[in-house]
Amino acid sequence: IRDVERSRGLGDVYKRQSKKGLQNCLNQLHRYCNKWALTVNTDKSKCMVCMKPGTIEKTPSSFCFGSTVLNNVNKFTYLGITLNKAGNFKTAVKDRISKANRALYMIRQAFSSNDGCVSNKVSLKIFDSQVEPILTYGSAVWGIPRQTNYLYCEGIDEKFSPKAGLEKLLDKNQVVSCKRIGKKSTANPRKILVEFKEFDYKLKILTQTSSNHVKFHDFDILFDTFKYEKVHTTFCKYSLNVHKSCNSKSIRAELGRYPIAFKVWEKTIKYWLRLEKGTDNTLLNSAFSEAKNSNNLWHDSIKRLMYVNGFSNVFNNPRIASQKFHSLFRQRLEDQYIQNIKSDSKSSCSLNLILLGKEKYVATPYTLDKSDIKSTKYIANLRCNTSCLNASLNKKFGNNNNSICLLYTSPSPRDLS
């Protein structure tokens, strides 16, 4: 190492493709430290051998710094992000969720000491300022959704087999498999899970205009399946004091909230643009260049996000993006989300009730009421638990007129609103 200043971007992490290469690097560092009377804390120095999940190393590698043998570890925390030997961020995400849940526990303890009389506005503001930064730390790297060749297809009648229903919509040479998933329902046909040969063909299907009755959805972007998203929805349900089985979309609509994934993706796009325009860190620039040339999953996932949301021109030519492009990207995500929940409200009683009479996607006025917080929670249960009520009544009385309240004469949820 010729210059200590040049090594700051790398910190204390040295990556080499071979055991011999890493040992030579450590030997050079040892000689440099001896020459300039520098001391390395070997108790805090660790080595980690990266390999594919499930691979067992026949002869465990050992590395030395001078005469000291360094400790081998399976995971290592660097700048607050936990890296594991498999090369993925599963451990880092679990760590973020664990720390966010600890912060939530302390907040809930503080709320309970106040007899639970905290308004939704205050509780959500505390979440945004105290929990969200912990949960989304480093999400520009680990928060991008995984990339697969799967899509969901909705709207094809049950009388058609998946293959027959998709025959005129897709190129059969690109379809690897297709099958219906979920339980049968008389109200709506089950979804079809389709696997494609090529990722680019999947992008083409997602970016084309859907027909009136058939819609394609990205299998990889299902907000409520993201583990970090569940931290957000769980707190929203706690804030409204509703059951954990309530529809997450209904809860977010009642509070005027968007999935926390939008903030994560906004950070990711902002970071990607920064890398595209170049930084002063030569190591970071070379790592990003290598990721682009090697079809890195992180870079390809950004490509999907940009293409699906109509920004393929910006991805192909990042120089045309303005400094506030990440805000424009976030606005596009929010607009599409509103369109999707309006479409979903046709098949969801609670979501239809909540969106009824709303001109803008904002918190319902009663949720902001500070004068009678307990009554606010009762109203929230009435509005958000309608699907649970229907299910419990049908289970008790069966699907017949005995399950209908005699005082309720209108088939529309307008009365409840």
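The legends below describe close-up views of a predicted model.

Residues are numbered from 1 along each chain as its sequence is written. In this predicted model local features need pLDDT of at least 70 and side-chain atom pairs count only at pLDDT 80 or more, whereas totals for chains, interfaces and linings use all residues, and side-chain values use heavy atoms, with hydrogens and water left out.

View 1. Helices (H or I, at least four residues) and strands (E, at least two) are DSSP runs, numbered from the N terminus. Of the 417 residues, 38% are buried (under 20% relative accessible area, with a 1.4 Å probe and protein chains only). Among contacts (heavy atoms within 4.5 Å) with a separation of 6 or more, 68% are between residues 24 or more positions apart.

**View 2. An open sheet of 4 strands in the order E8-E9-E7-E10, with antiparallel pairing.** Strand E8 (175-181) and strand E10 (215-218) are at the edges, and each has a single partner strand, so one side of each is left without a neighbour in the sheet. From one strand to the next the twist averages 25 degrees, where axes are lines fitted to C-alpha atoms, for helices over the stretch in contact, and angles run from 0 to 180 degrees between N-to-C directions. Pairing requires that DSSP finds at least two bridges between two strands; E8 and strand E9 (residues 191-196) pair in the antiparallel sense over 6 bridges, and serine 177 stands opposite glutamate 195 in E9. Helix H6 (residues 199-207) lies across strand E7 (150-154), E9 and E10, and runs at about 130 degrees to E10.

View 3. Buried residues of H9 include Phe262, Trp265, Ile269, Trp272 and Leu273, and the buried residues of H9 pack against helices H4, H7, H10, H11, H12 and H13. Glycine 278, whose phi is positive, near 90 degrees, follows H9.

**View 4. The packing of H9 on helix H13 (325-344).** The two helices, H9 and H13, pack at an angle of about 150 degrees with their axes 9 Å apart, and that makes H9 roughly antiparallel to H13 (angles over 145 degrees). In H9, the residues that meet H13 include Phe262, Trp265, Ile269 and Leu273, while those of H13 include Phe325, Phe329, Leu333 and Tyr337.

Technical notes
Buried < 20%, exposed > 50% of the residue type's maximum accessible area, 1.4 Å probe, protein only. Parallel < 35°, antiparallel > 145°, perpendicular 65-115°, else oblique.
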